[in-house]
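This briefing is meant to be read alongside the sequence and the coordinates.

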Amino acid sequence: EHSILSLSEYLDMQRAIGNETRFRVLDSLVEEGAQSAAELRDHLDIESNTLHYHLDALVDVGLAENRKRSEPDSDGLYSYYRATSLGEGILTHGVRELMREEWYLLDAYGD
């Protein structure tokens with residue numbers, strides 16, 4: 001009720017992060033910081049067209065953003081992606097928190 005985002009927007013974010021490729025992309029952006037599409041492609045070994053599809057999905061729901069900046073040694077703009085604060089939050093306090101809790105329970109009560 002007092003949220004900036006609607007329930008529908010939060011659910012869209014959850015659906016987006018529920019895809020393994022988008023999770024890996026967002027995880028890389030959170031862990032490694034801002035990266036170009038080429039850097040992400042090489043780091044994650046994902047084809048360019050597939051990567052751009054998933055980057056667009058993350059940008060559309062507000063978990064990542066595409067920025068452009070001038071590079072001192074080039075004539076054009078450098079395009080890069082970075083996780084938004086919402087993207088970092090949903091990854092850190094959502095999926096990762098669930099994984100940590102499962103690992104803890106497995107340690108405490110497993111074999």
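In which strand is the place of Tyr81? In this predicted model, Tyr81 lies in strand β2, which covers residues 77-83.

- Tyr81 has a relative accessible area of 5%, and because buried means under 20%, Tyr81 counts as buried.
- Leaving aside residues up to four places away in sequence, Tyr81 touches Leu29, Ala34, Gln35, Ala37, Leu40, His52, Leu55, Val59, Glu65 and Asn66.
- Asn66 is 15 residues from Tyr81 along the chain, while the C-alpha atoms of the two are separated by 4.5 Å, and their side chains make a polar contact at 3.1 Å.

**Helices α2 and α3**
- The axes of helix α2 (residues 20-32) and helix α3 (residues 37-44) come within 11 Å and cross at roughly 110°; since angles of 65 to 115 degrees count as roughly perpendicular, α2 and α3 are described as roughly perpendicular to each other.
- On the α2 side the contact is made by Arg24, Val25, Ser28, Leu29 and Glu32, and on the α3 side by Leu40, His43 and Leu44.
- Sorted by class, the contact of α2 with α3 has 4 nonpolar, 2 polar and 2 charged residues.
- Leu29 and Leu40, which take part in this helix contact, are also among the residues that Tyr81 touches.

**Confidence of the prediction**
- The chain has a mean pLDDT of 86, and 86% of its residues reach 70 or more.

Terms used. Residues numbered from 1 in each chain as written. Predicted model: local features only at pLDDT ≥ 70, side-chain atom pairs only at ≥ 80, totals over all residues. Heavy atoms only, no water. Helix = DSSP H or I, 4+ residues; strand = E, 2+ residues; numbered from the N terminus. Buried < 20%, exposed > 50% of the residue type's maximum accessible area, 1.4 Å probe, protein only. Contact = heavy atoms within 4.5 Å. Polar contact = N/O pair within 3.5 Å; in protein donor to acceptor, adjacent residues only side chain to side chain. Axes fitted to C-alpha atoms, helices over the stretch in contact; angles between N-to-C directions. Parallel < 35°, antiparallel > 145°, perpendicular 65-115°, else oblique. Nonpolar A, V, L, I, M, F, W, Y, C, P; charged D, E, K, R; others polar. pLDDT = per-residue confidence, 0-100.
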